[in-house]
Amino acid sequence: MNDIAIVGLGCRFPGARDVRAYWKLLMSGERRFSAVPAERWNHRPFHEPGNPSAPHAAYTDQVSFLDDVDRFDALHYGVPPARARAMDPQHRLMLDVTREALDDAGLGRGDFDRENTGVFCAMSVSDYKDVMTAPIRAIALADQARRSAADEDGVLEAVKEHAGRLGTVQPFSLPGSLLNMAAGTVSRHFDLGGPSFAVDAACSGSLVALDQAVAQLRQGGCRIAVVGGVYVNLTPDSLIGFSTLRALSATGVCRPFDEEADGFVLGEGAGAVVIRPLVDALAAGDRVYAVIKGVGSANDGASPGPLAPAPEGQLRALRRAYDDAGVAPSSVGFLEAHGTATRSGDRAEVEALRRLRTEWPDDDPSLCYLGAGKALIGHSLAAAGMAGLIKTALVVHHRTIVPQPGTTPHPDLGISAAGLRFAESARPWPRTGGPRRAAVSSFGFGGTNVHVVLECAPAPAAAPALAPAPAPAPAPAASSTTVTVGGADSTPQVLLLSAGDAELLDLHIGDVLDAVERAPRTPVGALAHTLGGRAPLKARLAVVAADTDEFVRRLLRARARLADGSRGDLGGGAFAADAPLPAARRRIAFVFPGQGSQRPGMMRDLYEGFAGFRAAFDALGSVARDDAGLDLAGLLYGVPAAADGDGGGGGDGDEELRRRIAGTEVCQPLLGTVQIAATRLLAECGVAPDLALGHSAGEFAAAAAAGALGADETVRLLVRRGEALRRAENGLRGGMVAVQTDRETCRQLVVGIDDVWPACFNQPRQVVVSGTQQGLAVLRRACAEAGIVTVELDVSNAFHSPRLACAEEAVRADLAGRRVSAPVLPFVSSVSAQLCADPEELRELWARHASVPVRFGDAVRASYDAGARLFLQVSGGGSLLDPVRRNLADRSDVHVVAASGTTPDGGRDFVRALARLAVLGVPVDPRVLVPAEVRRLVDLPVARLAGQSYWAGRPAPSKEDQADPVPHPMDDLRQAARGPPPPPCGACCA
């Protein structure tokens, strides 16, 4: 348990709004320094260039700040607007980078041990608290000014009036600015029940938080940890404070260890990592960026002063880290230094490294590349260690040494004597014969030092050979549409992309295309698995593809359709929506068809392509075999389906098979088995019903879906019911005909015709009539004369008519011995066309089920009235979906989806249904479809949220409004209070 894996990353640094952009920035070596943005504060009153002794002023205006710190997607996080305005932007950033890190780790859907997941967050200051309380300070200072001024009239009132324009303190203002609330906010939103607290160790805070998290993981205090650090500078205080300490670069460029180094540039940032024990990460198949081998922490102790770094204290932390890791310092090939570019800080750090790397007599201190990210993004104080940790993890992960920009080592430091060097350009990790190892240091104001040793992830074990899928029955030939279980090359996948809005979705599509272009051999299953592990955002696009090339083609086509304004079914297996349906409008009714929907080879694609379906079917098939000697798998899948999906090889054998499975004693348990297996597969994929209804014999699978019957009990009931109905058929055989007309016209047509009865009221202009063959022939002639279309159904008798009343007592007696429970979901019976929750009522309805009409149209309307808006036909294609549409033609909020097609297509119909459902807002989990051998995470960009400005007391200005410097709420206060500025909280001048 000592080795801890880094499995997820999320960050926001200057010039890099995510991990992918951060790596691009590191590879470019581009510095991100500029003048204080006008939207932060008007820096002119505080800027005294060339005068480091000026009171209440800074000699530099160069910083490295984040963009858009006022923007936040409060709706996504469920935060009311007033509370969002009172939340410290640092807390908001921690939510964002944590979301990205969890998504990056494949944990975005929340299906992990959240109860034992801890949050450890480094923060030192809350400038936002000063912004929110600026009116209070202004009034207090004005009152002091009034007391000392000769002219007291109007001073206080004028300031009070101005302070009111700056806003008022709100109920959430106090907790919204507390440091510990950053961790608490993350734990609350993501429902994480492990240890959760903030760490203030100044500039080493992020790595101190990491040390705490590693200790908790090793001790079993939590199973997973989110570790983060954040710093946002909203007032001139820190810039002025560091200027008084002469710690900032007067030239405005941070040059760690350089002969021209003159201090750091104040920066900002936020980062989070997800870590867990390596053994757990490997067992879960996580992508491991790097392994934390050891952590060492120490304090300088009795140093010359709180601002003076001490090599002894740093060396103590370094030694402890390598002792903890059990490796020699000489094995480290890259070291991310604290690197503040101050004279005393650089000297102390290099001295500690030199002593460390030369005190191991049995090891050759081979050359190690030295880096310092502050040269690019400045010093982000409490977030600095997180910037270094994420950088170092990426270096290890990508096997690439990133460049250190323009560094001429100061000759007094002895860089080369310490076995250190700088990379002038990006280069591959040197081959040493050992594992790639790197380290990162972070030293804090007050003398707290931390060093972390990282190592590359262990080589993955060879994937075990997949056992061949058991053949369901001997077959003369293999189907051309067979989907091999676990076959990575043929199984269609759902690739679900999402973002905060349509514009951001387009950007995300471009980012994903770029990532795939850089790694074109990535299996489509790995792409689907990676995207599927993320929490879907508002704007969604689902693409069905069986290989990576097909995915790229379809994604490009879908992107073009989206740009044209298309939504819904984009064609080519792609579906899109700007937003999912509201929860109340995506309540799903599972619809189960009855006899007549059976076909030879039905759902063969699912049986051969999806282990979950096959396992459920075989288990229920064994029940039918034990009870009635039926080999359902042999009947359905023993003969390969023909290309048209209507049978096996054609000819007499095919017709015989059709007759066999149409027989009531076979068809009823067969349909129940197929439908329950499909329901279970849908559940594995995250699709569960909110309501269930069935047509004719489909009512019993619907009852199983609603929890009124157990799965095995349903199959046994259908076996006995089928046998009872078969016995009732031993007399004169009958049939069923669909008449395409309304109920009243049909009633008039059957008047005077013997032995025919309306049996199914499916939709406003369709009635199914049961009767004898002679009676139905007379009816069809009458319909033809009236110009009314009729269709003969493939059934074995006149179901839902008085001809089967003789089976009632046998079915009633069988039901008396069966366990029928109250449904756990709303269940609409097509006998009564009403919600039914009474087990005894169900027994009576089902006893009469075969001899009374099916009121499907009324049942559909009752389902709608009970809240169903999305009707999913579980089997048999979409035969019942047109009646659903017609019965609800006056409703504009109804969606219908078929979970299967009528012809074999390698499972694409099923996968397309999942894609459409995912876009509508159903919590589909595409990872279930991914073959085991490619079920791994790959490097793909995490999508962005849409945000808007939330700021205390006023709308935060946009950059377009910055033609002139914008007054900051603190400006008047600073001008009035010309006392000494507060010391730089959480700052490290080392």
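This is a predicted model: local features need pLDDT of at least 70, side-chain atom pairs count only at pLDDT 80 or more; totals for chains, interfaces and linings use all residues.

What classes of residue line the largest cavity? The lining has eight nonpolar, seven polar and five charged residues. If you count cavities of 30 Å³ or more, the model has seven.

## Nonpolar cores

The largest nonpolar core has 85 residues, and the ones with the most contacts inside it are Phe613, Phe617, Val687, Trp846 and Phe910. Helix α24 (residues 664-684) provides the largest share of this core, ten residues.

Setting aside neighbours within four places in sequence, Val687 is in contact with Ile588, Phe590, Leu682, Leu872, Leu914, Leu917, Val922 and Val924. Another core lies apart from this one; it has 79 residues, including Val69, Val119, Val274 and Val512.

## Charged pairs

Side chains of opposite charge can pair when their charged atoms come close. How many salt bridges does the structure hold? The total is 50.

One of them joins the side chains of Arg720 and Glu723, at 3.1 Å from N to O. Both residues sit in helix α26 (residues 711-728), three residues apart, which is about one turn of the helix. Arg720 counts as partly exposed, at 28% relative accessibility, and Glu723 is partly exposed too, with a relative accessible area of 26%.

## Further bridges and a network

Arg780 pairs with Glu792 in a salt bridge whose closest N and O atoms are 3.6 Å apart. Arg780 belongs to helix α28 (residues 773-785) and Glu792 to strand β27 (residues 790-792), so this pair ties together parts that are twelve residues apart in sequence. Arg780 has a relative accessible area of 31%, so it counts as partly exposed.

Arg855 forms a salt bridge with Asp858, and here the closest N and O atoms are 3.3 Å apart. Is Arg855 buried, or partly exposed? With 34% relative accessibility, Arg855 is partly exposed. Elsewhere, salt bridges that share partners join Arg12, Asp96, Arg99, Glu100 and Asp103 into one network.

Notes:
Residues are numbered from 1 along each chain as its sequence is written. Side-chain values use heavy atoms; hydrogens and water are left out. On a 1 Å grid over the protein atoms alone, a cavity is a set of points where a 1.4 Å probe fits but cannot get out, and a pocket is an open set with protein on both sides within 12 Å along at least five of seven lines; lining residues have an atom within 4 Å of a point. Grid points are joined across faces, edges and corners, and a volume is the space filled by probe spheres set on the points. Ala, Val, Leu, Ile, Met, Phe, Trp, Tyr, Cys and Pro count as nonpolar, Asp, Glu, Lys and Arg as charged, and the others, Gly among them, as polar. A nonpolar core is a set of buried Ala, Val, Leu, Ile, Met, Phe, Trp, Tyr and Cys residues joined through side-chain atoms within 4.5 Å. Buried means under 20% relative accessible area, exposed over 50%, partly exposed in between (1.4 Å probe, protein chains only). Helices (H or I, at least four residues) and strands (E, at least two) are DSSP runs, numbered from the N terminus. Contact means heavy atoms within 4.5 Å. A salt bridge is a side-chain nitrogen of Lys or Arg within 4 Å of a carboxyl oxygen of Asp or Glu.
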